[in-house]
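Dear colleague,

I am passing on the structure we spoke about, and below it you will find my notes on what turned up when I went through it. Please read them with the structure open beside you.

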Amino acid sequence: MLNVLGINFAYNDRENLRELTQLRTLASLPIAGKYRIIDFILSGFVNSGINDISIITKNNYHSLVDHVGAGNDWDLNRKIGGIRILTPLSQPGMLENVGLYKGTAEALARNLHSIKRTVAEYVIMTGSSVVCCSIDYEELLHTHIKSGADITAVYANSLNGYKKVPLGIPVFFFDDNMRLIGLRENEDDITRQEATWSVGIFVIKKSLLEALVSDCIARGGYSFYYDILDYLKGNLMIKGYHYNKQLFEISDVTGYMNANMNFLKSDFRDTAFEKPIYTKVKDSVPTIYCEGCSVRNSIVADGCKIQGTVEDGIISRGVKIGRGAVVRNCIVMQNAEIMSDVELQYVIIDKDVIVREGQKLIGHEKYPVVVEKRSIV
């Protein structure tokens, strides 16, 4: 077991996920049928031998708490270490402005009481809007220690083969020795051959993190990127670590759709599930494929009843698709019911939605239609 505290920020200040995060935090969004985003993050830590993990939440975290529970499904229900979900209400004596973190440095500052109690020597921090499917944190830690860096910042320069920088993601600038010399936020959805953009993963000694966060807050700062990394880049040795395997990026609805559809590609799945991905165990019956149904190039979870046509779809647990219904390029979440003769294309159906007979919803691959949770269409 690595002597590391894993910290995940379960939210993203720059997300634009419309109805999808009105009632849940980013990390609890369903992905790839039966999983949640947090499953990939927690499994990445556990697969690398990190069993002391804190999840920092901001708001809408009830779904996340219900899914993670005590961490049993990730073998994180432990006497030493284990998992902690740090909600704004867990901060002693700070009931004013609950949940209104201005930035990640402030979020860390308001949870320092928990971070200081751990015995870990190092901290690895991750976000939830960019998920590196098969990163080896043990190798990352050894590289950090060997380099002598104060902070190691993980970056990518390709979004699953495309030279694209996700909107709102900071772009790093390094010198020839891979030392950070500057950063800026990508306000334009740029495509640049040389762009090195942050995946939101950092390695740092716990004692240094505590000092930097306290100093940042004392100066009136709140951003880890701009009030710590950029402000102190001349004083600290901040080095880059290149991640070049598969990842998914979710900062808007189109990114969420693309992230799910990537799992329909065999090469992406092979990398994403290179190591085990654990999730909350549910005892469901197998899916029923009725006579006359058609399912092609889709992921269908257990407990479903398919009578119609599904093509290039991500179908979660307990979904019912009626006879004559056609579902193409869609994400259908848990316990939704698509009645007979419905036509859906480029639509994201949230949990417990009912789409009545004969309805037609057509979105676009660049702007999918979103039907919010518990709606009747």
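**Charged pairs**

Arginine 110 and glutamate 106 meet through their side chains in a salt bridge, with 3.5 Å from N to O. Please keep in mind throughout that this is a predicted model. Arginine 110 counts as buried, at 6% relative accessibility, and glutamate 106 counts as buried too, at 16%.

The salt bridge between glutamate 121 and lysine 205, at 3.6 Å from N to O, links distant parts of the chain, since glutamate 121 lies in the loop between helix H4 (112–115) and E6 whereas lysine 205 belongs to strand E11 (residues 196–205), 84 residues apart. Glutamate 121 is partly exposed, with a relative accessible area of 37%, and lysine 205 is likewise partly exposed, at 35%. Elsewhere, salt bridges with shared partners join Arg296, Glu311 and Arg328 into one network.

Arginine 78 and aspartate 75 form a further salt bridge through their side chains, at 3.1 Å from N to O; here arginine 78 is partly exposed at 34% relative accessible area, and aspartate 75 is partly exposed at 48%. In total the structure holds 15 salt bridges. As a general point, side chains of opposite charge can pair when their charged atoms come close.

**Two buried threonines**

Threonine 126 sits in strand E6 (residues 122–126) and, at 3% relative accessibility, counts as buried. Its side chain makes a polar contact of 3.1 Å with the side chain of asparagine 8, and, leaving out residues up to four places away in sequence, threonine 126 touches a set of residues that includes Ile7, Phe9, Ile41, Tyr137 and Ile201.

**Nonpolar cores**

The largest nonpolar core has 67 residues, and of these Ile31, Phe248, Ile250 and Tyr256 touch the most other members. Helix H1 (residues 37–47) supplies the largest share of this core, with 7 residues. A second, separate core of 35 residues includes Leu5, Tyr101, Phe202 and Ile228. Returning to isoleucine 31, its contacts beyond four places in sequence include Ile37, Phe40, Phe248, Ile250, Tyr256 and Phe263. In soluble globular proteins, nonpolar side chains tend to be buried together.

**Cysteines and a hairpin**

How many disulfides does the structure hold? There are 0 disulfides. For cysteine 133, the closest cysteine sulfur is that of cysteine 132, and because the two sulfurs are 7.6 Å apart, they are too far for a bond. Cysteine 133 counts as buried at 8% relative accessibility, and cysteine 216 counts as buried at 0%.

Finally, strand E9 (residues 170–174) and strand E10 (residues 180–185) run antiparallel and are joined by 5 bridges, with phenylalanine 172 standing opposite leucine 183 in E10. The hairpin of E9 and E10 has 5 residues between the strands, and in that hairpin methionine 178 takes a positive phi near 60°.

With best wishes

Conventions: Residues numbered from 1 in each chain as written. Predicted model: local features only at pLDDT ≥ 70, side-chain atom pairs only at ≥ 80, totals over all residues. Heavy atoms only, no water. Pairing = 2+ DSSP bridges. Helix = DSSP H or I, 4+ residues; strand = E, 2+ residues; numbered from the N terminus. Disulfide = S-S within 2.5 Å. Buried < 20%, exposed > 50% of the residue type's maximum accessible area, 1.4 Å probe, protein only. Contact = heavy atoms within 4.5 Å. Polar contact = N/O pair within 3.5 Å; in protein donor to acceptor, adjacent residues only side chain to side chain. Core = buried A, V, L, I, M, F, W, Y, C linked by side-chain atoms within 4.5 Å. Salt bridge = Lys/Arg side-chain N within 4 Å of Asp/Glu carboxyl O.
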